[in-house]
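Me: I have a protein chain open and would like to go through it step by step. Can you start with a term I will need?

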Amino acid sequence: MGKIIAIDRDGIAHELQGQHGLNLMEILRDAGLAVEAICGGQCICSTCHVYIDPEWADGLPPRGDAEQVLVEDSGHYQANSRLSCQLEYNDEMDGLRLVLAPEY
Ligand code: FES
């Protein structure tokens, strides 16, 4: 197991339990954070957009083509933008910090 730290849109930090077999969107959503995820993780909506702490961003798998297009078109793109549904939790993410992007 492990934990991730998620900062919500009010700036409040939440310590969440990492869970194998779930992606970060599912962990955020299951914890009750305001992640709409209206496509259910199929990489077609971008309502699971987060900003990964720069310390962690480089160690993650790169964005896929569809993810890249969606975050760039989101209106809130940053260099550390990711779609949380495209990142499956693993032990190497223990301690990862992220911030929820503004609503789409
Ligand atoms: S939930 Fe729709 S793109 Fe992630």
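Reply: Start with burial: buried means under 20% relative accessible area, exposed means over 50%, and partly exposed lies in between (1.4 Å probe, protein chains only). This is a predicted model, where local features need pLDDT of at least 70, side-chain atom pairs count only at pLDDT 80 or more, and totals for chains, interfaces and linings use all residues. Residues are numbered from 1 along each chain as its sequence is written, and side-chain values use heavy atoms, with hydrogens and water left out.

Me: OK. Is Glu-67 buried or exposed?

Reply: Glu-67 has a relative accessible area of 3%, so it counts as buried.

Me: Where is Glu-67, and what does it touch?

Reply: Glu-67 sits in helix α3, residues 65-72. Setting aside residues up to four places away in sequence, Glu-67 touches Cys-43, Arg-82, Leu-83 and Gln-86. Contact here means heavy atoms within 4.5 Å.

Me: And Ser-84, where is that?

Reply: Ser-84 is in the loop between β4 (81-83) and β5 (96-100). Its relative accessible area is 0%, so Ser-84 is buried. Apart from neighbours within four places in sequence, its contacts are Asn-23, Leu-24, Met-25, Leu-28, Cys-48 and Val-50.

Me: Stepping back, how many helices and strands does the protein chain have?

Reply: The protein chain has three helices and five strands, in the order β-β-α-β-α-α-β-β along the sequence. Helices (H or I, at least four residues) and strands (E, at least two) are DSSP runs, numbered from the N terminus.

Me: How much of the protein chain is buried?

Reply: 43% of its 104 residues count as buried.

Me: What about contacts between residues 24 or more positions apart?

Reply: Those make up 62% of the contacts in the protein chain with a separation of 6 or more.

Me: New topic. What is a disulfide?

Reply: It is a covalent bond between the sulfur atoms of two cysteines. The test used here is a pair of cysteine sulfur atoms within 2.5 Å.

Me: What count does that rule give?

Reply: The count is zero disulfides.

Me: Are Cys-48 and Cys-85 buried or exposed?

Reply: Cys-48 is at 3% relative accessibility, so it counts as buried. Cys-85 is at 8%, so it counts as buried too.

Me: Last one: what box do the C-alpha atoms fill?

Reply: Taken along the principal axes, the box is roughly 35 × 25 × 25 Å.
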